[in-house]
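Try each task before you read its solution.

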Amino acid sequence: MIRVKVPGGVKLMPHRHSEDRIYTVISGVFYVGVGEEFDPDKLEAYPPGAVIVLPGNTPHFHWAKSGEYISQVTAIGPLGFAYLNSKDDPRNKNS
């Protein structure tokens, strides 16, 4: 179980996790869409208290569209995280 805090305006481009995940929205609004390309029209808004179940290997994306959000992620690890396009992975960028 981890808690994830995402600052307002941040977009997490399409990615997938190898494991099934359960997201619980702690604060803010959690916007998530399913698909291999970022599409704002596919985003669904989940308020605090909402629970989202995402099966493993489902391509999806997030956007802190209306401000910071905190979600609690429950899964059986190890946790995986792979961007569909390596150019979107901030771990590959040199500062």
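The exercises below use a predicted model, and each one starts from a residue or a group of residues.

**Exercise 1. A buried charged pair**

Task: Find which salt bridge Arg 21 forms, and decide whether its two residues are buried or exposed.

Solution: 
- Start by placing the two residues. Arg 21 sits in strand β3, while Glu 19 belongs to the loop between β2 (11-16) and β3 (21-27).
- Next, check the distance. Arg 21 forms a salt bridge with Glu 19, and their closest N and O atoms are 2.6 Å apart. The side chains of Glu 19 and Arg 21 also make a polar contact, again at 2.6 Å.
- Now look at the accessibility. Buried means under 20% relative accessible area. Glu 19 has 7%, so Glu 19 is buried. Arg 21 has 7%, so Arg 21 is buried as well.
- Then look for another polar partner of Arg 21. The side chain of His 17 makes a polar contact with that of Arg 21 at 3.3 Å.
- Finally, list the surroundings, leaving out residues up to four places away in sequence. Glu 19 touches Leu 54, Pro 55, Gly 56, Ala 75, Ile 76, Pro 78, Leu 79 and Gly 80. For Arg 21, the residues touched include Ile 52, Val 53, Val 73 and Thr 74.

**Exercise 2. A salt bridge across the sequence**

Solution: 
- Begin with the count: the model has two salt bridges. One of them joins Glu 68 to Lys 5, with the closest N and O atoms 4.0 Å apart.
- Glu 68 is partly exposed, at 41%, and Lys 5 is exposed, at 56%.

**Exercise 3. Ala 75 and its partners**

Task: Which residues does Ala 75 contact, leaving aside its neighbours within four places in sequence?

Solution: 
- Ala 75 lies in the loop between β8 and β9 (82-83).
- With a relative accessible area of 22%, Ala 75 counts as partly exposed.
- Beyond its sequence neighbours, Ala 75 is in contact with Glu 19, Asp 20 and Arg 21.
- For a C-alpha distance, take Tyr 23: Ala 75 and Tyr 23 are 52 residues apart along the chain, and their C-alpha atoms are separated by 9.0 Å.

**Exercise 4. Nonpolar cores and a surface patch**

Task: Identify which residues of the largest nonpolar core touch the most other members.

Solution: 
- The largest nonpolar core has 13 residues, and those touching the most other members are Val 6, Leu 12, Tyr 23, Val 25, Phe 30, Ile 52 and Tyr 69.
- Two or more residues of this core come from each of β3, β4 (30-34), β6 and β8.
- Apart from it lies another core of five residues, including Tyr 31, Phe 38, Leu 43 and Phe 61.
- Follow Tyr 69 next: among the residues it touches are Val 4, Val 6, Leu 12, Phe 30, His 62 and Trp 63.
- Now turn to the surface. Ile 22, Val 51 and Val 53 form a nonpolar patch there, with about 260 Å² of accessible area together. Of these, Val 51 lies in strand β6 (residues 51-54).

**Exercise 5. A histidine in a strand**

Task: Decide whether His 62 is buried or exposed, and find which residues it touches.

Solution: 
- His 62 is found in strand β7.
- Its relative accessibility is 5%, so His 62 counts as buried.
- Leaving out residues up to four places away in sequence, the residues that His 62 touches include Leu 12, Tyr 23 and Phe 30, and also Tyr 31, Phe 38 and Tyr 69.
- His 62 and Ala 45 are 17 residues apart in sequence and 10 Å apart in space, C-alpha to C-alpha.

**Exercise 6. A backbone angle to check**

Solution: 
- Recall the background: most residues other than glycine have a negative phi.
- At Asn 57 phi is near 65°, a positive value in a residue other than glycine.
- Asn 57 is in the loop between β6 and β7, and at 46% relative accessibility it counts as partly exposed.

Notes: Residues are numbered from 1 along each chain as its sequence is written. This is a predicted model: local features need pLDDT of at least 70, side-chain atom pairs count only at pLDDT 80 or more; totals for chains, interfaces and linings use all residues. Side-chain values use heavy atoms; hydrogens and water are left out. Helices (H or I, at least four residues) and strands (E, at least two) are DSSP runs, numbered from the N terminus. Buried means under 20% relative accessible area, exposed over 50%, partly exposed in between (1.4 Å probe, protein chains only). A polar contact is a pair of N or O atoms within 3.5 Å; within protein, one must be able to donate a hydrogen and the other to accept it, and residues adjacent in sequence count only if both atoms are side-chain atoms. Contact means heavy atoms within 4.5 Å. A salt bridge is a side-chain nitrogen of Lys or Arg within 4 Å of a carboxyl oxygen of Asp or Glu. Patches are made of residues with over 30% relative accessible area and no salt bridge: like charges are joined within 9 Å, nonpolar side chains (Val, Leu, Ile, Met, Phe, Trp, Tyr) within 5 Å. Accessible areas come from the Shrake-Rupley method with a 1.4 Å probe; for residues, only the protein chains shown count as cover. A nonpolar core is a set of buried Ala, Val, Leu, Ile, Met, Phe, Trp, Tyr and Cys residues joined through side-chain atoms within 4.5 Å.
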